[in-house]
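Please examine the structure shown below. The report that follows treats its charged pairs, its sheet and its nonpolar cores.

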Amino acid sequence: MNKRIIYKNTDNTVSVVIPSDEALSFMTIEQIAKKDVPTGYKYKIVDVSEIPSDREFRNAWTIDEAELTDGVGEWLQ
């Protein structure tokens, strides 16, 4: 799958969730997002091409919270 789940952390860094093929065999990416994104955090499902490929400055990547429109995490610890 060429999709990733992104969400913004409290320190303004961006987290990227890469769903495993195993998880995708019995869950949709939307179900994985709801499960794996922390409760109350907005997320967006994006194409892998939208993720910066240069890891040298990965902590400098930002996203406007208004772009996180696909759902809200329901992570239960």
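## Salt bridges

D36 is partly exposed, with a relative accessibility of 30%; buried means under 20% relative accessible area, exposed over 50%, and partly exposed in between (1.4 Å probe, protein chains only). The model is predicted: local features need pLDDT of at least 70, side-chain atom pairs count only at pLDDT 80 or more, and totals for chains, interfaces and linings use all residues. Residues are numbered from 1 along each chain as its sequence is written, and side-chain values use heavy atoms, with hydrogens and water left out.

The structure holds three salt bridges, each defined as a side-chain nitrogen of Lys or Arg within 4 Å of a carboxyl oxygen of Asp or Glu. Side chains of opposite charge can pair when their charged atoms come close. D36 is bridged to K35, with 2.5 Å between the closest N and O atoms, and K35 is partly exposed at a relative accessible area of 41%.

A salt bridge also joins the side chains of K44 and D70 (4.0 Å, N to O). This pair links distant parts of the chain, as K44 lies in strand β3 and D70 in the loop between β3 and β4, 26 residues apart; helices (H or I, at least four residues) and strands (E, at least two) are DSSP runs numbered from the N terminus. K44 is partly exposed, with a relative accessible area of 25%, and D70 is partly exposed at 36%.

The side chains of K34 and E74 form a salt bridge as well (3.5 Å, N to O). Here too, distant parts of the chain are linked: K34 belongs to helix α2 and E74 to the segment after β4, 40 residues apart. Both are partly exposed, K34 with a relative accessible area of 32% and E74 with 47%.

## The sheet

Four strands form an open sheet in the order β2-β1-β3-β4, with antiparallel pairing; two strands pair if DSSP finds at least two bridges between them. At the edges are β2 (14–17) and β4 (71–72), each of which pairs on one side only. Strand β3 (residues 42–47) runs antiparallel to β4 and is joined to β4 by two bridges. Y43 stands opposite G71 in β4.

## A buried arginine

Which strand holds R4? R4 is found in strand β1 (residues 3–8). R4 is buried yet has no salt bridge, and the nearest side chain of opposite charge, D21, is 7.9 Å away; Lys and Arg count as positive and Asp and Glu as negative, while His and the chain ends are not counted.

The C-alpha atoms of I18 and V48 are 9.3 Å apart, although 30 residues separate them along the chain.

## Nonpolar cores

The largest nonpolar core has eleven residues: I5, Y7, V17, A23, M27, I29, I32, A33, V37, Y43 and I45. Such a core is a set of buried Ala, Val, Leu, Ile, Met, Phe, Trp, Tyr and Cys residues joined through side-chain atoms within 4.5 Å. At least two residues come from each of β1, α2 (29–36) and β3, and α2 gives the largest share, three residues.

A second, separate core of six residues includes I6, V46, I51 and L68.
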